[in-house]
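Biologist: I would like a close look at one part of this protein. Please take me through it step by step.

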Amino acid sequence: MNRNAVVWIVLIMLVLASLAVYSTYFSQVRSFPEQRSSEVEQLECWVYNKTWEPFLSQFQNEHPQVDVKVRVFRSYEDLYEELLTSLSANTTPDLVELNSSYGVAELAQMGALQPKSGYMAAAVEAASGEIDPSFSASFSYKGKEWAVPIGVSIPVLFYNRDLVNRMGSVQQLAFNSLADLGSTIEKWTAAGSKDWQQELAMDKDLPSLFLNLWLGAIGETRTERLSELLQMWRGLVYDARVMKPLQHNLAASDFIAGKTLFYAAGSENVEWFDRYIAGKFAYGLLPLPGTTNHKFVPKLTAFAVLAGENKSKHAAQMIQFLIAKDNQKKMLGLTGYLPVLQSVLEELRKDPALPDKYNQLLAKPLSFANWQPSSQDRPRARMISDILGRIEGDPAADESEAIEQLLPYMP
C-alpha cells in the first residue's frame, strides 16, 4: 500500500469518527444548532412598571425555550403613545401592560387587542373568577374583556411618621376631608416650630386622585359637587397654604427626601418608598381623606395580548403565570400592588406577619366602583389635569368656566 492510500484511509476514518460523535451528541440534545435556534421563540413584552422584572425573570428561567424581551417605559403615558405608533408601523409587541385609567376602549375599537376569551385556558378562567367583577369591568368593552387584571392600587395618604411625632400629633390623624387636613396642619404649624418644607403634596396622577374625591363629594347636584372639590383644591393652595402649586412631578422624590409631611398617592408607591427611603425615616399611611365612606375607583394594572397572526403563544402563558396564586401572594411585597385574587387578599388580611403599614389598607373589606372603559377616559384625564393646573397656578382662575369645561367629562 502506497503512502497516499494510507493518508486517504486515515482521513476517511477521522471523518467517520467525527460524524459518529456529532450524531451521538445531537441525538442527545434532540436538535442541531440550526434547529435549536429556530425552536427558541421570542416574547416581546412592554411594561411601565419596572417592578415586574423579578416575575419576568422567573418566567424566563422556567421557560428556557422562550426568549423574553422586555421594554420598560418611564410611564404609562409613554408606553401608550409608543404603542399607538407601533400599531401604525405594524411593529407591536406580543404582550403589553395596560392601565385602567385610559386607552382600553380605543385599543379595542382599533382591533389592536385579542379578547381574553381567545387565549385564556380553562384553569386560568377559574382563577380569574376570583377577581372582583369591578376589576374585570375596567377592561371590558362591548361585551368582551380585553385584558386580565393583575394588581390593584387604591388612593392613600402617606405621612412622615417622624415629623408627625415631633409635633406630638400622632393621635390626631383622622381627617374627614383634605380641607379638614389643611386646617389641622395650619393649627400644628401655629402651635410650634415647622420641621418640614411642605405640608401636603399630591402625586402627579391627579386624575386618579380627583375621581376618587369626586365619588366622595357630598354636593346635592353634580355642579355643586364639582364646585366643592375645586374650591377645596384652591383652598389648599391659597387659603390654608399647605400645598405648593404645580409641584406634582417632584412630589414623590420630595417625600422620599423627608421634606414632606403628607403625600397623597396610589398605594403601589409602598414598594418604591421601602426601597428608597430605606430606614431614613419611618412613614405610615392612611385612607385618603374624603374617600373613606364610598367605593374606591381602583387604579388597576393588567396585561393584554396584542392582535396578529404572528404573536407568541407564550404571551398567554405569561398572563397565566402572573395570575397564579403563588405569584399573586408575592405581588404586594415585590410590586406594591395589592393582589386581584380575592382569596389571596383574604390571606393577606389574616397574615400576622403583615407589616403594620398595611393594616389601614386591609383592616376592612375594600369596595370598588364598577367603572367601565370609555373613549372619554383619556380626554377626561387631560381635562382634569389641565383644570387643576389652572386652579393652582392662578388664584383668580374662573371657577364657573372650569366647571363648565370639566362637568361633561365627569361620570
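Biologist: Which residues lie nearest the centre of the second largest pocket, and how many residues line that pocket?

Modeller: Bear in mind that this is a predicted model. The lining of the second largest pocket counts 18 residues. Nearest its centre lie P287, T292, F296, Q360 and K364. The space in this pocket is about 370 Å³. Three elements each give at least two residues to the lining: strand β10 (283–287), strand β7 (155–160) and helix α18 (359–362). Of the lining, β10 supplies the largest share, with 3 residues. Sorted by class, the lining holds 11 nonpolar residues, 6 polar ones and 1 charged one.

Now to a helix pair, for its packing. Helix α10 spans residues 206–216, and helix α11 spans residues 222–239. Their axes come within 10 Å of each other. The crossing angle is roughly 125°. On the α10 side, L206, F210, L213, W214 and L215 make the contact. On the α11 side, the contact is made by R222, R225, L226, L229, L230, M232 and W233. By class, the residues of this contact comprise 10 nonpolar and 2 charged, with no polar ones.

Key
Residues are numbered from 1 along each chain as its sequence is written. This is a predicted model: local features need pLDDT of at least 70, side-chain atom pairs count only at pLDDT 80 or more; totals for chains, interfaces and linings use all residues. Side-chain values use heavy atoms; hydrogens and water are left out. Axes are lines fitted to C-alpha atoms, for helices over the stretch in contact, and angles run from 0 to 180 degrees between N-to-C directions. Helices (H or I, at least four residues) and strands (E, at least two) are DSSP runs, numbered from the N terminus. Contact means heavy atoms within 4.5 Å. Ala, Val, Leu, Ile, Met, Phe, Trp, Tyr, Cys and Pro count as nonpolar, Asp, Glu, Lys and Arg as charged, and the others, Gly among them, as polar. On a 1 Å grid over the protein atoms alone, a cavity is a set of points where a 1.4 Å probe fits but cannot get out, and a pocket is an open set with protein on both sides within 12 Å along at least five of seven lines; lining residues have an atom within 4 Å of a point. Grid points are joined across faces, edges and corners, and a volume is the space filled by probe spheres set on the points.
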